[in-house]
Amino acid sequence: IKKQALEKTEAVAAAIEQESKIENLIKAKGFADCVVYIEGENCNVVVQADSLTPQQTAQITEIVTDQSKIVAQNISIVAVKS
């Protein structure tokens, strides 16, 4: 049981680190703020923007796929107005 708990804790810590790295890279592309949540093979990205162009959506998708093992079909990107 301890081993399983330790593995789960390590997985959560790795996901948090990955989420933080992706958030920083997205902010570096010019977005004021964003939140990334990874759960298993899915990723939800919420960015502060009035709307997203296809190019911006592609940039965010590329960042997530480059920094994780998540495929583009499992990435959800939502723009939230400031």
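Biologist: Is E23 buried or exposed?

Modeller: E23 is buried, with a relative accessible area of 18%. Buried means under 20% relative accessible area, exposed over 50%, and partly exposed in between (1.4 Å probe, protein chains only). This is a predicted model: local features need pLDDT of at least 70, side-chain atom pairs count only at pLDDT 80 or more, and totals for chains, interfaces and linings use all residues. Residues are numbered from 1 along each chain as its sequence is written, and side-chain values use heavy atoms, with hydrogens and water left out.

Biologist: Where does E23 sit?

Modeller: In helix α1. Helices (H or I, at least four residues) and strands (E, at least two) are DSSP runs, numbered from the N terminus.

Biologist: What order do the elements run in?

Modeller: α-β-β-α-β from the N terminus. That is 2 helices and 3 strands. The C-alpha trace spans about 45 × 25 × 15 Å along its principal axes. Of the 82 residues, 24% count as buried.

Biologist: Switching to charges. How many salt bridges?

Modeller: The count is 1. The rule asks for a side-chain nitrogen of Lys or Arg within 4 Å of a carboxyl oxygen of Asp or Glu. D33 and K27 make the bridge, at 3.5 Å from N to O.

Biologist: How exposed are D33 and K27?

Modeller: D33 is partly exposed, at 34% relative accessible area. K27 is partly exposed too, at 32%.

Biologist: And pockets? What lines the largest pocket?

Modeller: The lining includes K8, E19, Y37 and G40. A pocket here is an open set of points on a 1 Å grid over the protein atoms alone, where a 1.4 Å probe fits, with protein on both sides within 12 Å along at least five of seven lines; lining residues have an atom within 4 Å of a point. The largest one holds about 260 Å³ of space.

Biologist: Which element gives the most to the lining?

Modeller: α1, with 8 residues. Both α1 (2-28) and β1 (34-39) supply at least two.

Biologist: Last one. Which residues form the nonpolar surface patch?

Modeller: V35, V46, V78 and V80, with about 280 Å² of accessible area together. Patch residues have over 30% relative accessible area and no salt bridge, and nonpolar side chains are joined within 5 Å. V35 lies in strand β1.

Technical notes. Points joined across faces, edges and corners; volume = space filled by probe spheres on them. Patch = residues over 30% accessible without salt bridge, like charges linked within 9 Å, V, L, I, M, F, W, Y side chains within 5 Å. Areas by Shrake-Rupley, 256 points an atom, 1.4 Å probe, with all protein chains shown as cover.
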